[in-house]
There are 2 protein chains.
Amino acid sequence: MTATPAATVDMGLSVEKMEKVAFILKTTAHPTRIAIVQLLAAQESLSVSDISEKLNVEQSLLSHHLSGMKLKGILSSTREGKNIYYALKMREVIDVIQCLAACMFL
Amino acid sequence: MTATPAATVDMGLSVEKMEKVAFILKTTAHPTRIAIVQLLAAQESLSVSDISEKLNVEQSLLSHHLSGMKLKGILSSTREGKNIYYALKMREVIDVIQCLAACMFL
DNA sequence: CAAACTTATGAACAGTTGTTCATTTGTACA
DNA sequence: TGTACAAATGAACAACTGTTCATAAGTTTG
């Protein structure tokens, strides 16, 4: 990004908000990641292999998605024996997706 | 994408919905594009140079964003003399962003 | 027609993303 | 200790994105 957009735009959204929106959008904008959020909205916490099975996504790829999401503060993880359990940290994301799903088809 | 996620996941969201969500997310996930949607939510239609001034984004870059969004069905455009006016075609996107902005900070 | 203006287009390029594969690290338990 | 299982990591690579720059194409008006 080089040109800086005007400080505020007609509607209520400040640039910082637009950027936060864009951030959440970007880090969630992938079917697998949305599915992950869905699962963790319903389950509190799940191990990598749980998720891998439920979503039918290969271990390594899933791990990449998960650690990316963790890095960006969306998920958290804790080890428990052999397994590592992931959970939703940034709960807003649930609302966001919920919200999207709702207002997109009416 | 190679592995196909399970057909449905715990919550109400089908894979098609998740993909549609992801699509809207992706095509909107950029501060400039969000700003464009904001403008066009408030203004019905605006020329490229209008938008360029308001957002302080260079002509060519803006044009690329606009035509991308048009290509993906989010915007429409009509010529009127020298100018080309863009308008929001996929109105859901407004709700989506509105919705996001709302539920993200409480 | 030419000049001025508005927008689109295409090449080029750096940076990011999604994916795969092979390898490594951490843990449990025989 | 060694074997097996769970998950992370890193290299490699193709595909896509955002951006810039230069140029073209469409429109208006003198």
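This is a predicted model: local features need pLDDT of at least 70, side-chain atom pairs count only at pLDDT 80 or more; totals for chains, interfaces and linings use all residues.
**Ground rules.** I noted that local features need pLDDT of at least 70 and side-chain atom pairs pLDDT 80 or more, whereas totals for chains, interfaces and linings use all residues. Residues are numbered from 1 along each chain, chains are lettered from A in the order in which they are written, and side-chain values use heavy atoms without hydrogens or water.

**Chain A.** I looked up the secondary structure and found five helices and three strands, where helices are DSSP runs (H or I) of at least four residues and strands (E) of at least two, numbered from the N terminus. Their order from that end is α-α-β-α-α-β-β-α. Of the 106 residues in chain A, 46% are buried, meaning under 20% relative accessible area with a 1.4 Å probe, counting protein chains only.

**Around DNA strand D.** I then found 23 residues surrounding DNA strand D, with Ser49(A), Ser63(A), His64(A), Tyr86(A) and Ser60(B) the closest; a residue is near the strand if one of its heavy atoms lies within 4 Å of it. I sorted the residues of this surface into five nonpolar, 13 polar and five charged, with Gly counted as polar and Asp, Glu, Lys and Arg as charged.

Which part of DNA strand D does the side chain of Ser60(A) approach? An N or O atom of that side chain is 2.9 Å from a base oxygen.

How values were computed:
A polar contact is a pair of N or O atoms within 3.5 Å; within protein, one must be able to donate a hydrogen and the other to accept it, and residues adjacent in sequence count only if both atoms are side-chain atoms. Buried means under 20% relative accessible area, exposed over 50%, partly exposed in between (1.4 Å probe, protein chains only).
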